[in-house]
Amino acid sequence: MAESQARLAHHPGRSAGQARSHADDPLAHLIAELQGHGLRVEVPLESRQGGAGPADAGMLWIDGFAATVPTSADYVRASPYVLRAEDEGWGVYRDGERLASAEPFGRPRYYDLTTADGIPYSQIALLHLDSLASTVIQTCAYWGNSDQCAFCGIGVTLANGRTIAKKTPEMLAEVAVAAKELDGAVDATLTTGTTAAPDKGALYVARCGRAVHEASGLPVEVQFEPPRDLAVIDEVHDMGIHSVGIHVETFDPRVLARIAPAKARTGIDGYFRAWERAVAAFGEGQVSTYVILGMGEDPDLTVAGCRRAIDIGVYPFVVPLRPTVGSLMEDMTAPSPEYCETIYRRVVPYLAARGLGARGVAAGCARCQACSAMSLLEGRTENNGRTYLPILTNR
Ligand code: SF4
């Protein structure tokens, strides 16, 4: 049996969204803590470093639940949490007390393959736990100038030679088939740097997504900036894409102007217009946005923005900042776990009451959920058919 199949057998119902429906609050709390303080590791984990958006994380399963946690940033050295080898497997410990079992994410088998012209598959797309992920155009019109998003590391991986600048649909299709067959990938998440074209790169990333889906059958999320002509969003849908991520990053306009000046020019209302068009095409819950915590935002504006997005059928994927080495925010630290949990607990019940949840998302970051503890707090449907919501707090 392939290593990946063995791991699948370890994690029945391995779709993170499904598995997380049975999580309880202590595990949600632990994962929020780990995502805030980080996890000290005695051996290096497979990790994501650089890339578009907020990055830098080690990948592992904690009590069977997918999670990405900081492992290499400087501030992690002060974390009270450590990953330790045990006689059989691994555990997460704090002050000598074992808190959870852990399974580090192993090196995918397909990483050993290369294309006919010699490009390693791992330079085309990576496996993030069970999601195939690629930045199809690894350059951005904003990188290196005053418009660069402060949290982003898209130029970092290109500069250190870990990826190639442009992936073709054919390359991605070839890698997707291998990732599914050899390593059990369940979906594909494709993002792109913003291009100078009016569609901002949306049509190219969608063409890549179409090729991936047609070759492998995997559901696909593509991520892009709001295009100038919103009819482009309909074209993306018509290419057979399942979900889209259009990321406003923060609902605090003051912070948006400081950390993502180009996105600020689109404006928060500009994102809402794009989301409305996308929800009409893709359906409620298939449109998501990153909402990054820890950049100095007003918590009330953040919660209000998330709820306004939820009202129109958008899934706000709330995540803590992961300061990326090489980004403009590399010297920052992640926000406190208490703060993140407070925001999750004000957003998640609203999502659940609206009938939205990670389980309904076809593909992408909001399906995977490993970068946030929010879906661990989603309501559970018990044997009596009633749904129990997490406690709402107003702290
Ligand atoms: S738009 Fe911002 S987050 Fe996206 S790739 Fe460009 S700089 Fe990075």
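This note goes through a predicted model of one protein chain, from the overall fold to single residues.

1. **Overall make-up.** The protein chain holds 13 helices and 16 strands. It has 395 residues, and buried residues make up 59% of them. Take the contacts with a separation of 6 or more. Of these, 73% join residues 24 or more positions apart.

2. **The ligand shell.** Which residues surround the ligand? They are Cys140, Tyr142, Cys149, Phe151, Cys152, Ile154, Gly193 and Thr194. By class, this shell has 6 nonpolar and 2 polar residues. It has no charged residues.

3. **Around the shell: Gln148.** Gln148 sits in the loop between β9 (131-135) and α4 (154-159). Its relative accessible area is 11%, so Gln148 is buried. Setting aside neighbours within four places in sequence, Gln148 is in contact with Tyr142, Trp143, Ile259, Pro261 and Leu328. One of these, Tyr142, is also among the residues that surround the ligand.

4. **Around the shell: Thr324.** Thr324 belongs to the loop between β14 and α12. Is Thr324 buried or exposed? It is buried, because its relative accessible area is 0%. Cys152 is 172 residues away along the chain, yet the C-alpha atoms of Thr324 and Cys152 are separated by 7.1 Å. Cys152 is itself part of the ligand's surroundings.

5. **Helix α11, geometry and ends.** Helix α11 covers residues 299-311, which is 13 residues. From first C-alpha to last it reaches 18 Å, close to the 18 Å expected at 1.5 Å a residue. At its start, a side-chain oxygen of Asp298 comes to within 2.7 Å of the backbone nitrogen of Asp300. After the helix comes Gly313, with a positive phi near 95°.

6. **Helix α11, buried side.** Which residues of α11 are buried? They are Thr302, Val303, Gly305, Cys306, Ala309 and Ile310. They cover an arc of only 160° around the axis, so they lie on the same side of α11. The general rule is that an α-helix has 3.6 residues a turn, so residues three or four places apart point the same way.

7. **Helix α10.** The buried residues of α10 are Ile268, Gly270, Tyr271, Phe272, Ala274, Trp275, Ala278, Val279 and Phe282. Gly283 follows α10 and has a positive phi, near 100°.

8. **Helix α5.** Helix α5 runs over residues 169-183. Its 15 residues should span 21 Å at 1.5 Å a residue; the end C-alpha atoms are 20 Å apart, in agreement. Buried here are Pro169, Met171, Leu172, Ala173, Val175, Ala176, Ala178, Ala179 and Asp183. Just after α5, Gly184 takes a positive phi of about 75°.

9. **A buried glutamate.** Glu33 is in helix α3 (residues 25-37). Why does Glu33 count as buried? Its relative accessibility is 6%, and the cut-off for buried is under 20%. Not counting residues up to four places away in sequence, Glu33 touches Gly38, Tyr81, Arg94, Pro337 and Glu338.

10. **Positive phi at Lys200.** Lys200 is not a glycine, although its phi is positive, about 60°. Where is Lys200 found? It is in the loop between β10 (187-191) and α6 (202-216). At 14% relative accessibility, Lys200 counts as buried.

11. **Positive phi at Gln369.** Gln369 is a residue other than glycine with a positive phi, near 70°. It lies in the loop between α13 (365-368) and β15 (380-381). Gln369 counts as buried, because its relative accessibility is 0%.

Notes:
Residues numbered from 1 in each chain as written. Predicted model: local features only at pLDDT ≥ 70, side-chain atom pairs only at ≥ 80, totals over all residues. Heavy atoms only, no water. Helix = DSSP H or I, 4+ residues; strand = E, 2+ residues; numbered from the N terminus. Expected span 1.5 Å × (residues − 1). Buried < 20%, exposed > 50% of the residue type's maximum accessible area, 1.4 Å probe, protein only. Arc of directions from axis to C-beta. Polar contact = N/O pair within 3.5 Å; in protein donor to acceptor, adjacent residues only side chain to side chain. Near = heavy atom within 4 Å. Nonpolar A, V, L, I, M, F, W, Y, C, P; charged D, E, K, R; others polar. Contact = heavy atoms within 4.5 Å.
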